[in-house]
Structure formats: C-alpha cells, structure tokens
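Please keep the sequence and the structure in view while going through the points.

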There are 2 protein chains.
Amino acid sequence: MITLHHLEYSQSFRILWLLEEIGQPYELKLYNRDPESNLAPAEYKALSPLGTAPVITDEKGLVLAESNAVIDYILDLYPDSPLRPKPDSATRADYLFWFHAGTGSMMPMQFMDGIFTVLQKRSPFFIRPIIGAALGQANSLLVQPRMKTILDRLEHDLAEHKWLAGEELTAADITMSYCMASAKQKGFIDESRPGCLRWIEQMEATPSYQSAMEKDGRETMVFSF
Amino acid sequence: MITLHHLEYSQSFRILWLLEEIGQPYELKLYNRDPESNLAPAEYKALSPLGTAPVITDEKGLVLAESNAVIDYILDLYPDSPLRPKPDSATRADYLFWFHAGTGSMMPMQFMDGIFTVLQKRSPFFIRPIIGAALGQANSLLVQPRMKTILDRLEHDLAEHKWLAGEELTAADITMSYCMASAKQKGFIDESRPGCLRWIEQMEATPSYQSAMEKDGRETMVFSF
C-alpha cells in the first residue's frame with residue numbers, strides 16, 4: 001500500500017489526482033506549509049530525499065520523490081491502466097512529449113517567473129525599479145517567449161484532440177495539471193487560449209479531480225509566489 | 001530509422017550518447033549555434049516543437065523533442081535494453097528517481113544559475129553591483145542550498161553503487177550526463193564530491209561516450225552561459 005505525503009499548495013496534488021483516478025486503496029497524509037517561511041515543514045523535508053513534494057512511501061521501505069518518478073512508479077503497479085499509453089500505441093509519442101515537457105520546459109519557466117516576482121517584491125524599495133527593470137528584461141527576453149511557444153503548442157494540440165495525448169485522459173494531463181493551473185493563475189492562460197481554458201474546464205469536471213480537491217481541502221492546488 | 005538532430009553544446013548530447021550505447025544504426029545531423037545569439041539556428045527552431053534541443057525525426061513523420069521523452073521513445077524501440085530497468089527490477093525506483101530528478105530538480109537550478117550569470121554580465125556597469133547583490137542573495141538562498149541537497153544525495157547514492165541506479169549504466173546516467181558535466185564546469189562539483197567525480201570519470205571512460213564525443217566533435221557537451 002502506497003502512502004502519499006501531500007503538501008498543501010504543491011506539485012504533490014498531481015499524485016493525489018492520479019491515485020483518485022486509479023481508484024485503488026492508498027493512504028494519505030496531509031502536511032501544511034510552515035506559516036512563516038511558506039516552505040514544507042521540517043518533518044516533510046526530512047522525509048523527502050531532496051526536501052521536495054511529492055514523496056511516497058510504502059511498508060517495504062520505499063521512499064520516492066519527484067512527480068514524474070512517482071507517477072511512473074505508481075503506474076508500474078497498474079500495468080493495464082490507460083493512463084500510460086503502451087509503447088506500440090498511436091498516442092505514445094504525444095503522451096511522452098507532454099508527460100516530460102511539463103517538467104522539462106514549462107515548469108522551469110514558471111518557476112523562474114515566480115522567483116523573479118519574489119526577488120522584486122523583496123528588494124528594498126529604493127532599488128526596486130532597477131531590479132524590476134533587469135528582471136523585466138529577462139522576463140520579456142526569456143520567460144514570455146518560451147511560455148508563448150509552449151502555449152501555442154498546447155493550443156495546436158488541443159485543437160486536434162480532447163486531452164493532451166488523444167481522446168482519453170492520461171498521466172500527461174495529470175502531470176500538466178499543476179503547470180496549467182499555475183499558468184492560469186499567473187495570467188499566462190486567458191481568453192486568448194481557448195484550448196487551454198477548455199482543457200482546464202475538463203480537468204475540473206473530472207470526478208477523480210473533484211475527489212482529489214475535496215481530500216486536499218484547499219481552494220487551489222497552486223502555490224502563490 | 002531515427003534521425004537525431006544534434007545541436008552543438010546542448011542537451012541533445014544525451015541522445016547521441018544513448019544511440020551510441022544502443023549501437024544500432026541511426027542518422028545524425030549536426031547543427032551549429034548561431035554565432036551571434038548563441039541560440040539554435042532558425043532551421044533547428046523550425047523543426048523542434050518548442051524550438052529546443054534535442055529533437056528526433058523518422059521517415060514516418062515522427063517529430064519528438066524533450067530529452068526524456070526522446071529517451072523513453074528510443075528505449076521503446078529496444079525493449080530488451082538494460083538501459084531502462086523493468087518495472088519489477090530491484091533498481092527501478094532508483095532508476096526512476098534519477099531519470100526524472102535531473103530534469104525536475106537539478107537542471108532548473110543550473111538553468112537559473114546560468115540566467116543569473118547572464119543577467120549580471122549584461123547589466124550596465126553602474127548598476128551591476130546592485131543587480132549582483134540581489135541575484136547573489138537569490139543564489140545563496142535558493143540555488144546553492146538546493147544544489148547542495150542534490151549533490152549530497154548523489155554522493156550518498158554513489159557511495160552505495162557504481163552508477164546512479166546500481167552496478168550497471170542506465171538511461172538515468174545518460175540523462176544526468178549533461179547535469180553532471182555542467183555542474184563540474186560551474187564549480188558545483190569539485191574535490192569535495194568524490195562520488196560525483198568518480199562517476200564523471202566512469203562516464204568519460206565509457207566507449208559509447210567516447211564515440212559520441214568523437215561524433216560531436218566539440219571539447220565539451222556543455223553550453224557556457
């Protein structure tokens with residue numbers, strides 16, 4: 001039996017959704033962020049190999065972190081799940097692309113955008129305009145164009161099929177959930193991205209997503225920088 | 001037949017190494033970076049779905065980007081390859097962890113470190129100290145501690161086994177190659193990290209790595225910010 005250690009407002013929401021979608025028994029432990037630092041509490045950091053969420057454990061001594069490692073590990077336990085298209089399936093390449101592009105391309109830009117926001121907020125007011133100008137330049141030369149390319153690609157693919165890897169929900173959608181919710185919250189996704197908005201609505205209408213949100217008990221999965 | 005579109009000094013070196021290790025026929029196209037912008041040339045950007053390296057194509061119309069998506073796709077073609085331990089193998093969890101942690105945890109910190117370097121270099125000299133102080137703070141509060149945690153974990157695991165997921169080379173090592181080479185180049189890995197240095201020596205002594213370096217023709221795989 002897998003135990004999911006779920007940190008509020010974090011990427012471990014993906015695993016909560018995955019486990020609800022699979023619908024087999026698991027244990028859930030909820031952790032609140034430290035109210036002062038906003039980081040994971042000490043007991044969570046001590047448990048997770050890199051101090052990050054998500055992390056899963058089992059009674060045989062497994063301790064595994066990293067969203068996509070955890071997703072692959074859990075899907076190994078359910079080899080017939082349609083959530084990971086088989087190597088010979090027509091949707092395999094699209095599946096692999098979005099399963100990995102969320103972590104490899106989209107999250108790093110969103111993380112950088114968040115750090116730029118924090119850096120600017122925290123700088124003393126008399127140098128804030130200088131810092132703001134430098135970070136604004138990095139944002140407009142790097143983050144914005146890369147996010148545009150990713151969102152254009154999402155619109156392209158979501159005009160062709162319902163979910164990211166075809167007509168059925170897969171773990172590519174589940175891992176992208178955090179990226180998409182965060183992109184909407186930060187204004188990267190708005191009315192100019194109808195495919196992405198439709199995808200977010202579909203996600204929110206999925207029963208397993210709704211159970212996950214209920215167990216999570218927060219109004220959003222996303223951490224606000 | 002897979003064609004690898006390899007951009008010099010980029011993460012696509014991983015795929016070159018992977019294909020050399022597999023030892024089956026493939027086509028290789030080499031691309032130089034634009035000498036002014038240091039970015040991928042226009043023809044490469046037009047080919048790759050997000051404009052990033054690596055990208056592979058085949059004669060049936062496949063166009064796939066993202067290092068780990070490409071690695072998983074290629075390993076699907078060689079299901080008996082020991083490079084991806086099977087779900088029931090004892091090394092599966094370690095394999096999945098490092099296969100995903102390179103992209104999910106290590107590269108984002110290294111990328112941020114690179115961007116901080118560029119931001120500071122490019123700022124006008126009279127505000128450079130202010131920018132340097134702000135970025136230095138972000139670096140010491142975020143990048144350095146996270147890199148330390150990752151490198152501590154690498155040392156821990158590499159004290160227990162030869163490669164990242166046991167005694168045999170796997171695709172977890174191959175995808176981590178870029179992170180490790182870059183970490184050494186930027187001084188994150190030095191004599192205080194004997195396990196990482198030993199791993200890098202092992203990598204460099206591997207015949208398939210040496211053939212890949214020869215086909216690449218550059219002195220290093222790593223892009224210098």
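The numbered points below treat the basis of the model, the interface, the symmetry, contacts within a chain, and the backbone.

1. Basis of the note. This is a predicted model, in which local features need pLDDT of at least 70 and side-chain atom pairs count only at pLDDT 80 or more, while totals for chains, interfaces and linings use all residues. Residues are numbered from 1 along each chain as its sequence is written, chains are lettered from A and ligands numbered from 1 in the order in which they are written, and side-chain values use heavy atoms, with hydrogens and water left out.

2. Extent of the interface. In chain A, 42 residues are in contact with 42 residues of chain B (contact means heavy atoms within 4.5 Å). The size of an interface is often given as the accessible area lost when the parts come together. Here the two chains bury about 3,600 Å² between them, and 79% of this lies on carbon and sulfur atoms; buried area is the accessible area, taken with a 1.4 Å probe, that two parts lose on being put together, summed over both. On the side of chain A, the residues that lose the most area to chain B are A:Leu50, A:Phe97 and A:His100, together 16% of what that side buries.

3. A:Asp76 forms a salt bridge with B:Arg92, and the closest N and O atoms are 2.7 Å apart.

4. Which elements of chain A each supply at least two residues of the side that touches chain B? They are strand 4 (63–65), helix 3 (67–77), helix 4 (92–122) and helix 5 (128–160). Helices (H or I, at least four residues) and strands (E, at least two) are DSSP runs, numbered from the N terminus. Helix 4 of chain A gives the most to this side, with 17 residues.

5. Symmetry. Two copies of a chain are related by a rotation about an axis and a shift along it. In this model, a rotation of 180 degrees with 0.0 Å of shift along its axis superposes chain A on chain B, with an RMSD of 0.0 Å; this is the relation of a two-fold axis. Copies are superposed by least squares on the C-alpha atoms of residues with pLDDT of at least 70 in both. The C-alpha of chain A nearest the axis belongs to A:Pro108, 2.8 Å from it. The same surface serves both copies, as 100% of the contact residues of chain A recur in chain B.

6. A link between distant parts of chain A. Over all chains, the whole structure holds 18 salt bridges. The side chains of A:Glu20 and A:Lys215 meet in a salt bridge at 3.0 Å, N to O. This pair links distant parts of the chain, with A:Glu20 in helix 1 and A:Lys215 in helix 8 of chain A, 195 residues apart.

7. Backbone features. Most residues other than glycine have a negative phi, and most peptide bonds are trans. A cis peptide bond joins A:Ala53 and A:Pro54, with omega about 0 degrees. A:Pro54 lies in the loop between helix 2 (42–47) and strand 3 (55–58) of chain A. In chain B, a cis peptide bond joins B:Ala53 and B:Pro54, with omega about 5 degrees. A:Glu66 is not a glycine, yet has a positive phi of about 80 degrees.

Methods:
A salt bridge is a side-chain nitrogen of Lys or Arg within 4 Å of a carboxyl oxygen of Asp or Glu.
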